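Please look over the sequence and the model before reading on. The report below is meant to be read with both in view.

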Amino acid sequence: MIAFQAHTSEVINHLNGRRFTLARVADIERSQAQFERITSICNEPMVFSSLFTEMFPEGRYPQSAARDFVNWATDGWDRGTHFVFATLDSDGLVVSTCDIKSNQVEDAEIGYLCSAAHTGVMTNSVMAMLALAVEAGFLSFIAHVKADNTASQRVLKRVGFRRGGESSPGSNRHRYRADKASILWPDSPGVDRSTEAQLSTQKPERAPGQP
Ligand SMILES: CC(C)(COP(=O)(O)OP(=O)(O)OC[C@H]1O[C@@H](n2cnc3c(N)ncnc32)[C@H](O)[C@@H]1OP(=O)(O)O)[C@@H](O)C(=O)NCCC(=O)NCCS
């Protein structure tokens, strides 16, 4: 049974030291600026070409999809079926998202995306999400990554995942996996875990963006 005890965590951009907040997408402000921000990130070339070309063959992620995404994420938290987080800037606007796509405690699939304007937050956001998820009862995680998506593979390696086969026979996707121990105590060289905040969790006091 999955029960998140904490829903927020501080995230630091590794490259510039700026501070962000990881929060449930269910708790983010639903403003026009927010939907425009999500739409804009999803239309960035790297994000769109990696994730949305099949879903939107017309070549554009529409703003209605951003609203659908927030509703789907909120529904996941309400029903306990999937768990979607966003990393928020000081205005409460999304800069990246990451999620756990199921409530099965073994081999739960994760995913993530990040605005190119905020490169440096993704690894630390995923680390923060996984720390909350381990505390909530998850035991192991998987990710499916396109063979040519080397930036994503580096994120996974930094958070403690290791490659273990193809997603399916003949697939161009690699399967990565991590268990609880390799996430909390990875042996990845060059990963800066010095910031206590990256692995510490905070009890939610209020939803981001709310007075
Ligand atoms: C995949 C994606 C999220 C990677 O974003 P990113 O900005 O490269 O990721 P990070 O913020 O973690 O890392 C940026 C740099 O900061 C550094 N860095 C960040 N956190 C760090 C940490 N904790 N320790 C050490 N270095 C760190 C690294 O140098 C890294 O660059 P490098 O991978 O070239 O060495 C982004 O390209 C994206 O959104 N792509 C489209 C969506 C997608 O592919 N999603 C994954 C589907 S499986």
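Predicted model: local features only at pLDDT ≥ 70, side-chain atom pairs only at ≥ 80, totals over all residues.

Residues are numbered from 1 along each chain as its sequence is written.

**Overall make-up**

The protein holds seven helices and eight strands, where helices (H or I, at least four residues) and strands (E, at least two) are DSSP runs numbered from the N terminus. Of its 211 residues, 35% are buried; a residue is called buried if 20 or more other C-beta atoms lie within 10 Å of its own, exposed if 12 or fewer, and partly exposed in between, with C-beta atoms placed from the backbone. Two residues count as in contact if their C-beta atoms, placed from the backbone, lie within 7 Å, and among contacts between residues at least 6 apart in sequence, 64% join residues at least 24 apart.

**The sheet**

The eight strands form an open sheet with mixed pairing, in the order β1-β2-β3-β4-β5-β6-β8-β7; two strands pair if DSSP finds at least two bridges between them. β1 (9-12) and β7 (162-166) stand at the edges with a single partner strand each, so one side of each has no neighbour in the sheet. Neighbouring strands are turned by 30° against each other on average, direction ignored.

| Pair | Sense | Bridges | Partner residues |
|---|---|---|---|
| β3 and β4 | antiparallel | six | Leu88 and Val94 |
| β5 and β6 | parallel | two | Glu109 and Ile142 |
| β6 and β8 | antiparallel | seven | Ser140 and Asp179 |

Strand β2 (residues 19-24) is mostly covered, five of its six residues being buried. In a regular strand the side chains alternate between the two faces of the sheet. Strand β6 (residues 140-146) has a covered face made of Phe141, Ala143 and Val145, and an uncovered face made of Ser140, Ile142, His144 and Lys146. Together with β5 and helix α4 (residues 122-136), β6 makes a right-handed β-α-β unit; right-handed means that, with the strands pointing away from the viewer, the path from the first strand over the helix to the second runs clockwise.

**A helix pair**

Helix α1 (residues 32-42) and helix α3 (residues 63-79) pack at an angle of about 110°, with their axes 8 Å apart. Axes are lines fitted to C-alpha atoms, for helices over the stretch in contact, and angles run from 0 to 180 degrees between N-to-C directions. α1 and α3 are therefore roughly perpendicular to each other, a term for angles of 65 to 115 degrees, whereas those under 35 count as roughly parallel, those over 145 as roughly antiparallel and the rest as oblique. Phe35, Ile38, Thr39 and Cys42 of α1 meet Gln63, Ala66, Arg67 and Phe69 of α3 in this contact.

**Backbone details**

Most residues other than glycine have a negative phi. Asp107, in the loop between β4 and β5, has a positive phi near 55°, and this residue is partly exposed, with 15 other C-beta atoms within 10 Å. In the hairpin of β1 and β2, which has six residues between the strands, Gly17 also takes a positive phi, near 80°.
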